[in-house]
Amino acid sequence: RMRSTVIQLKKFRKKGNRLDPRFYLGEKTVRTITNRNYDSFIKLGDLLDYFADGSRLTSCESGVPMLRLSNLDACDIHFSGLKYASINKEAKWTAVKPQDVLFTQAAEPFRAAVMPEGFDDITVSSEITVMRPKPAVVPEYLAAILSAPSMGKILKDLAYRRSATALRRLHLKDIAGIPIPLPGRELQNKIKTAYDEATRLSQESETELSQIIQAVYAEIDRKTQMQSTMRKFKIRKKELSGRWDVAYCANEVLRKQLLESGSATPLLQVAKPVPSTLKGIGEDEAVCAVKAEHINENTMMVESVDTCRLSDLSPRMRQPLNPGDVLICTTGSGEQVAYLDEKTAAEGCRILGSATFTALRFTETPRYFTIAMTHPIVRVQLNSLATGAVQRFVSKKDLDVLLVPKLSVIWREDFDSRVARAFERRREALTAKNHVLELAEQFFREEMKQ
């Protein structure tokens, strides 16, 4: 619904004041929330024993494991693909303990999750805040309430009030004063029970997917071992075609050997780019928008979408998609690859994707090829094909020469069916997590009405 506020003219006459309406709407929302006297609300800072931002640390191949924004979802932490931080005796770093609540204060949507048992030493990047609740607060409840959609809108307005930069960022003093509803122990424990079940299902589904990915990689490695382990090569001057950079030449030699060995096939022989047409979609029709933040790199799935009208989307968010399509990131520094399963969006709702991705429609075994597209052999080729001095970009024309590992039909169909079952289990975990967020959202809305 439409929001409105009154702005005094004298505010505009002061040097440095903002002119964008969104700023003042957000300011009004935050002021209403923080100044109103709620009986059952307590300021977030008063619910915590410990409250600290992560440290700026240098990534390295070994050291202390470090959780980053990509590892943290609403009520869920992904531990696969962890980076490490180089820490010496003089360096200051934020230690994370079991049952700490980790909150993303530098990314939308703002979200939180509880640190589980099993890690002796682990830290977080500077974009994450570590919260240690007092005994009266169940950590799982706090993570759920901070991840609830209604709370997300408040945090978004609060971040916009502080800065109009592209990256919304909250500071400790910003969120310490946010009132948090504190229910009785019974409701907190109910949310904790649902949270624990969602966490169990999530870990099981990610473990299963990880094992399948490793099996696919192992079979691809076995078939392409001679080509992928090449370190030295010879290339004739007449074959340079005007380019002499080593990476490009190495990629050309790799492509030639892959084709000769029969272990890879041109991408466009097994898939076609999805045509960009919006015929049949009205400007006022509700659609499901897929953005980069909706993709879980660990599970290779689109795990959420934004529902809005077509007229609310920018021209770069109007790429039509269908269940079964595979998305690969061809713009920017991202390496996301994702499969759109049948439960990506509500039945009957059209799906549109960001131009950051190129959508591919495979003729068969699309789930197998989703994993194959993340194999290092494909990554190397994409990096070689990318152009752009400032921003990496791979055009659809460049994809004409991309080779993908192709196993036998029996192997592909076996892996495809195994991945399909793993995706179904992942959807069960996402349903359980949504139940946690629904419990927190329902309670939050009821408290706000009082």
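The legends below describe close-up views of the nonpolar cores and cavities in a predicted model.

Residues are numbered from 1 along each chain as its sequence is written, and side-chain values use heavy atoms, with hydrogens and water left out. Because the model is predicted, local features need pLDDT of at least 70 and side-chain atom pairs count only at pLDDT 80 or more, while totals for chains, interfaces and linings use all residues.

**View 1. The largest nonpolar core has 55 residues.** A nonpolar core is a set of buried Ala, Val, Leu, Ile, Met, Phe, Trp, Tyr and Cys residues joined through side-chain atoms within 4.5 Å; buried means under 20% relative accessible area (1.4 Å probe, protein chains only). The members that touch the most others are Leu102, Phe103, Met131, Leu142, Ile145, Leu146 and Ile180. At least two core residues come from each of β8 (101-104), β9 (112-114), β11 (128-133), α3 (139-147), α4 (149-162), α6 (185-228) and α10 (409-449). With 8 residues, α10 gives the most to this core. Helices (H or I, at least four residues) and strands (E, at least two) are DSSP runs, numbered from the N terminus.

**View 2. Leu146 and its contacts.** Leaving aside residues up to four places away in sequence, Leu146 touches Leu44, Phe103, Phe110, Ala112, Met131, Met151, Leu155 and Ile180. Contact means heavy atoms within 4.5 Å. Another core, of 33 residues, lies apart from the largest one; Ile213, Val216, Val270 and Ala271 are among its members.

**View 3. The largest cavity has a volume of about 60 Å³.** The structure holds 2 cavities of 30 Å³ or more. A cavity is a set of points, on a 1 Å grid over the protein atoms alone, where a 1.4 Å probe fits but cannot get out; lining residues have an atom within 4 Å of a point. Grid points are joined across faces, edges and corners, and a volume is the space filled by probe spheres set on the points. The lining consists of Ile328, Cys329, Gly334, Glu335, Gln336, Val337, Arg379, Leu382, Asn383 and Arg392. Two or more of these residues come from β20 (326-329) and from α9 (376-385), and α9 supplies the largest share, 3 residues.

**View 4. The second largest cavity has a volume of about 40 Å³.** Cys75, Asp76, Ala198, Thr199, Ser202, Arg426, Ala429, Leu430 and Lys433 line this cavity. Both α6 and α10 give two or more lining residues, and the largest share, 4 residues, is from α10.

Technical notes: Buried means under 20% relative accessible area, exposed over 50%, partly exposed in between (1.4 Å probe, protein chains only). On a 1 Å grid over the protein atoms alone, a cavity is a set of points where a 1.4 Å probe fits but cannot get out, and a pocket is an open set with protein on both sides within 12 Å along at least five of seven lines; lining residues have an atom within 4 Å of a point.
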